[in-house]
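Keep the 3D view open while reading.

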Amino acid sequence: MAGSKMSVPLAAVVLLYVLLAESTHGGPEMDPYKILGVTRSASQAEIKKVYKRLAKEWHPDKNKNPGAEDMFIKITKSYEILSSEDKRANFDRYGQTDDTQPYGNGRYGHRHDSFYFDESFFNFPFNSKNHRDFADSKYTLHFNQYVSDVVPESYKRPYLIKITSDWCFSCIHIEPVWKEVVAALFEIEQGVVDVGYERRLANHLGAHRTPSILGVINGKVTFFHYAVAKEHLRQFVEDLLPQRLVERVTDKNDLQFLNSWHELNKPHVLLFDQVPAVPLLYKLTAFAYKDYLQFGYVDQGLSETANLQKQFNINTYAPTMLVFKENIDKPADIIQAKGMKKQIIDEFMANNKFLLAPRLVNQKLFDELCPVKQFHRRRKYCVLLITGDEETFSFGNQAFLSFASTNTKEVVRFAYVYQRLQQQLCDILMQNKDSVVILERRNAAGKALFKPVTAWNGSVEDKQRLVEELERLQKDPSILIHDAMLPELNNEFASMFIIRWIYASYDYLSEVIDDILHNNWREMMPLLSLIFSALFILFGTVVIQAFSDSSEDKQTKPKAKDGTKAENGSSGSVTTSSRPPKKNFVEVTELTDITYMSNLVKLRPGHMNIVLVLTDASKNILLSKFAKEVYSFTGSLTLHFSFLNIDKHSEWMSTLLEYAQDTMQIDADEDDGGNRKIDYTGYVLALNGHKKYLCLFKPVYTGEDLDSKSSEDEGGIHHKLDRLGLWMERLMEGTLPRYYIPAWPGLEKITPSK
């Protein structure tokens, strides 16, 4: 009886606490105005501006302060409140950051000190905003974050995501198991979605009930349908991974596994361990590096692997990982440790991603092996062998591999390409049938500098010639005298469309069957909608192609117009056929008395005008060549491009060079006795109007068309600007000599005499 009498007051106290939960707090958990540092009268534009600045300052990826992550979350939540008119009005009126009970502090805002509940005494374990687990808030996902970060990263590592909500009783029951699993599977990326605050993301994932657990891999969402237990969740993660990530290797198939390096164009990794099942960490590593490495597993407990262990002298007391490249008899690298950490394994894999001399099979591999030059001191050179897969090339290929294995320079990488599979690239690079080429990529648009070295056959003379050229290159990078626009490489490993379509159909069918078995109709509807939409689009495309007229005639008309524009040399812009950084043409204006002030004298600080000097006769040829050489620099907002007609403004040109005495001295040295008039055709001036200095480019012949050097035919004029691209590189690096002048010549010098 006494116990029942005591339970009534206690129940009343608990009920009163729940009803007046807000009145137990002396104020809001946080003040968004103070966190963002704005006043209560701040406009939305001011709040947004401050939020962007603070978010950038406190982003955990850039700010290494231990409290940066917590501060970033507070900044984000504060902006969510103040950017919403309803939430902001609710906070201004009631002082609440939670809009679930907008009347709470209005009616029961006054709190007596004697009427206070210690919330740690009752310890209600709900997922309310003020009681949310800090571990969960650390992994909270937002829609934009999921789309921009999680989906791309899911192609390298799987994600395990929990769907929860406030006041979710079932969520409380799975919480201990969830914490235990994520602690044990620390290699797995995790995330938490609160339906109450991220309804859009929950709908996007197809999660319509809480709690739910799902996995994301390769951008595909898979739901967990079984009892929440540690063993089930671990098995669920393993089932997310592709089946044949890791091949089991024994004494019977070891040679077949290791010899496939040539066919797959990848190094091979072998893990020796005593556990029968492949470790999950190794599977995750294999998934992350599946595009670069081939993975195998050797169970040391099997008698069928004894010869392998003996051959490579494997220690049976600790896991051992070997990497094999072109030489399958000796590992290229090895690590051995009892507790291999993820960081150590990742570093080991990253250092062994490529063969000593891999084959260029797609553009992605080309971009990683031969990256675009970023800075002057971070040059990367590629020695490329153009060869074939026939037996007649085997000796030369083996000699090239042997030469590459002795390379110790980090700035030089070796690769080879099959001519019949990458015909476009090889046609551009092969000069005089030389099959070994040294190249340097200059920009992402495809521009590269290269030099053919030798017609490689693997002889001692070929190797000595290549060594000499590499030594010259280290001292003088300008020996790469040829330039070209490289095409995008063919993907030699691309699957046929029908095969990819079959694989995709199989995945969709598996998901449909899985959803039917679990009666998950609401989650299945987006998938069915996607399938029927794809079928409708496919059917519609076939019908349109069958009944529509050919559009080839329509497409040739715009191309004809573009061609006419390119041939018009007197236009203000010159079009190019390459892939430019920002525009598909180079805007070139003529320097006249009208544009003189804006394009030179009053040019903004930090800006430069690149002026090409030409004549009426050479105008069309030089403008086309000028556009080709400078178009890759049009992405810079500080460069402007003009041309000066020397037939009209020779007096201004002479006066300018007289002001720059150093430049005039150079020209005087080249003048034979000072009697011959200097031909300024093909000169290029980089003019800094604000600081009053110029940089000068003078035509340099590359050795091509030597007979046309002294003539004014098309070939001679065209080759006057052969080295302009290299000169522009030096201009951007700031290594060109500068000639300062006291003042720019007056307007009368630029105006032609009548």
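## Strand β13 and its partners

K447 stands opposite M485 in β14. The model shown here is predicted. K447 belongs to β13, which covers residues 447-454. Strand β14 covers residues 482-485. The two strands run antiparallel and are joined by 4 bridges.

β13 also pairs with β12, again in the antiparallel sense, this time over 6 bridges. β12 and β13 form a hairpin with 5 residues between them. Look at G446 in that turn: its phi is positive, at about 115°. How many of the 8 residues of β13 are buried? The count is 8 of the 8, so β13 is largely enclosed by the rest of the structure.

## The five-stranded sheet

β13 is part of an open sheet of 5 strands. The order is β11-β10-β12-β13-β14, and the pairing is mixed. Which strands stand at the edges? They are β11 (412-418) and β14. Each has a single partner strand, so one side of each is left without a neighbour in the sheet. From one strand to the next, the twist averages 35°.

Strands of a sheet can pair either parallel or antiparallel, through backbone hydrogen bonds. Both senses occur in this mixed sheet. β10 (residues 381-387) and β11 run parallel, joined by 7 bridges. Within that pair, V383 stands opposite F414 in β11. Helix α19 (residues 394-405) packs on the sheet and touches β10 and β11. The direction of α19 makes about 165° with that of β10.

## E440, a buried charge

E440 is found in strand β12, residues 436-441. Is E440 buried or exposed? Its relative accessible area is 1%. The cut-off for buried is under 20%, so E440 counts as buried.

Leaving out residues up to four places away in sequence, E440 touches K373, R379, K380, Y381, A448, L449 and L480. Glu, Lys and Arg count as charged, and the contacts of E440 include K373, R379 and K380.

## The largest cavity

The model has 5 cavities of 30 Å³ or more. The volume of the largest cavity is about 70 Å³. Which residues line the largest cavity? They are K447, L449, L480, I481, D483, E629, D722, R723, L724, G725 and L726. By type, the lining divides into 5 nonpolar, 1 polar and 5 charged residues.

Two elements, β13 and α30 (724-733), each supply at least two residues of this lining. α30 gives the most, with 3 residues. The lining also links back to the sheet: K447 is one of the lining residues, and K447 stands opposite M485. L449 and L480 are in the lining too, and E440 touches both L449 and L480.

## The four-stranded sheet

Another open sheet has 4 strands, in the order β2-β1-β3-β4, with mixed pairing. Its edge strands are β2 (189-194) and β4 (220-223), each pairing on one side only. Here the twist averages 25° from one strand to the next.

β1 (residues 159-164) and β2 run parallel, joined by 6 bridges. Y159 has E189 in β2 as its bridge partner. Helix α12 (residues 230-240) packs on this sheet, touching β1, β3 (212-217) and β4. The direction of α12 makes about 25° with that of β3.

Which residues of α12 are buried? They are L233, F236, V237, E238 and L240. In an α-helix there are 3.6 residues a turn, so residues three or four places apart point the same way. The cover over the buried residues of α12 includes β1, β3 and β4. It also includes the helices α10 (169-184) and α15 (280-288).

## S654 in helix α27

S654 lies in helix α27, residues 646-659. S654 counts as partly exposed, at 29% relative accessibility. S654 and I678 are 24 residues apart along the chain, and their C-alpha atoms are separated by 9.6 Å.

Technical notes. Residues numbered from 1 in each chain as written. Predicted model: local features only at pLDDT ≥ 70, side-chain atom pairs only at ≥ 80, totals over all residues. Heavy atoms only, no water. 1 Å grid on protein atoms, 1.4 Å probe; cavity = no way out; pocket = protein on both sides within 12 Å on 5 of 7 lines; lining within 4 Å. Points joined across faces, edges and corners; volume = space filled by probe spheres on them. Buried < 20%, exposed > 50% of the residue type's maximum accessible area, 1.4 Å probe, protein only. Contact = heavy atoms within 4.5 Å. Pairing = 2+ DSSP bridges. Axes fitted to C-alpha atoms, helices over the stretch in contact; angles between N-to-C directions.
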